[in-house]
Amino acid sequence: MFKGLFDLLVGFAAESENIIENAQAKLKKKNLDLIIANDIAVSQSDDSIAYLITSHSVQEFKGTKFELANKIIDTIQAIKKDVNKY
């Protein structure tokens, strides 16, 4: 977790069950701006599922790890431009 570099505190969670609920609890407990929750139960194949979770929204991303990384970066950049949207 890094604060200052992007002025957002981002965390990551690898979850196998209750993914969104567990990640939301970590978001609050660690006072994060957003958390990326990776569904490790489906990460056995080339495709993965991840959730970008803020206090206001949950977005699901599906694709290869490379595609997920790009989608997450794009979304974080959008959040920085319009913090109130998320």
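With which residue does Lys26 form a salt bridge? The partner is Glu15, and the closest N and O atoms lie 2.7 Å apart. A salt bridge here is a side-chain nitrogen of Lys or Arg within 4 Å of a carboxyl oxygen of Asp or Glu. The model is predicted, so local features need pLDDT of at least 70 and side-chain atom pairs pLDDT 80 or more, while totals for chains, interfaces and linings use all residues. Residues are numbered from 1 along each chain as its sequence is written, and side-chain values use heavy atoms, without hydrogens and water.

Helices (H or I, at least four residues) and strands (E, at least two) are DSSP runs, numbered from the N terminus. Glu15 is buried at 8% relative accessibility, whereas Lys26 is partly exposed at 30%. Buried means under 20% relative accessible area, exposed over 50%, and partly exposed in between (1.4 Å probe, protein chains only).

Helix 1 spans residues 19-29, and its buried residues are Ile19, Ala23 and Leu27. They fall within an arc of 65° seen down the helix axis, so they line one face. The arc is taken from the directions from the axis to the C-beta atoms. The face turned away from this buried side carries the exposed Lys28 and Lys29.

Strand 1 and strand 2 run parallel, joined by six bridges. Pairing requires at least two DSSP bridges between strands. Glu15 stands opposite Asp39 in strand 2.
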